[in-house]
Amino acid sequence: MKKLLLTINLLMVFFSSYAQINPEDKLGAWYEIGSNHRVSEKTSIDVYTQLWLYEVSDNFNFFLIKTGYNYHFNRKLTASIYLGYSDFDGNINISSPHTYESRITEQITFKHKLSKISLDHRFRMEHRFFRKHDSKPKVARLRYRIGTKFNLNKTLFARLTNELLLTPKLSNTPENRLYTGLGINISKSSNIQLGYMNRNTSNKENLHRVQVGLFFKTDLRKKKKNS
């Protein structure tokens, strides 16, 4: 009898250790740091990093680092080009071989007001070069995001965005990312954003993610004028 109970316990431990975790059942997290450095009246440089976790503080999913050059036609219209590198673990359950990516992004952003509501539009074309353990696929992805920002007072603001992402070579079903968050102005040039993102992937996964971001700006034009 003791041997039978021991065998049952060992089997339960074995199967529980290999139980499949569904990423839809986990509250994951996206952590990001973004910066913009104004070089002249028409140009600026962006530096951006992002870390995704399948759970709030554990289970690596994705890491991205990129830098970009922006040309500001005016206050409303900006064209950008980015170079990025990412590391991706596509399995929440096991430590599978990672996928590495080099990315080139072309981007247009446009801002305007509709009545008293400020709107911003972001159009992206991404050229993605993957390096898997057994192949090196190349794909292009189209992205469109619309967003708005409401100032609640001098310190707090609300941010709302929705983005569609489509990779025609892989799927005809677009991914949708809906984000809402609260921002805290630390100073005139920096803020923290705390929010929630609902991500519906092209594989029909419905993911829930906490998003925490730190964003800041520098203006090198001031130093040039004072020197």
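1. Gln-211 touches Trp-30, Glu-32, Gln-50, Tyr-179, Gln-193, Leu-194, Gly-195 and Met-197, leaving out residues up to four places away in sequence; contact here means heavy atoms within 4.5 Å. This is a predicted model, in which local features need pLDDT of at least 70, side-chain atom pairs count only at pLDDT 80 or more, and totals for chains, interfaces and linings use all residues. Residues are numbered from 1 along each chain as its sequence is written, and side-chain values use heavy atoms, without hydrogens and water.

2. Gln-211 lies in strand β11 (residues 206-219). Strands are DSSP runs of E with at least two residues, helices are runs of H or I with at least four, and both are numbered from the N terminus. Gln-211 counts as buried because its relative accessibility is 7% (buried is under 20% relative accessible area, exposed over 50%, partly exposed in between; 1.4 Å probe, protein chains only).

3. The side chains of Gln-211 and Glu-32 are joined by a polar contact of 2.6 Å. Such a contact is a pair of N or O atoms within 3.5 Å; within protein, one must be able to donate a hydrogen and the other to accept it, and residues adjacent in sequence count only if both atoms are side-chain atoms.

4. The largest nonpolar core has 7 residues: Trp-30, Tyr-48, Trp-52, Phe-62, Leu-64, Tyr-179 and Met-197. A core of this kind is a set of buried Ala, Val, Leu, Ile, Met, Phe, Trp, Tyr and Cys residues joined through side-chain atoms within 4.5 Å.

5. On confidence, the protein chain averages a pLDDT (the predictor's confidence in each residue, from 0 to 100) of 89. Over residues 3-19 it is below 50.
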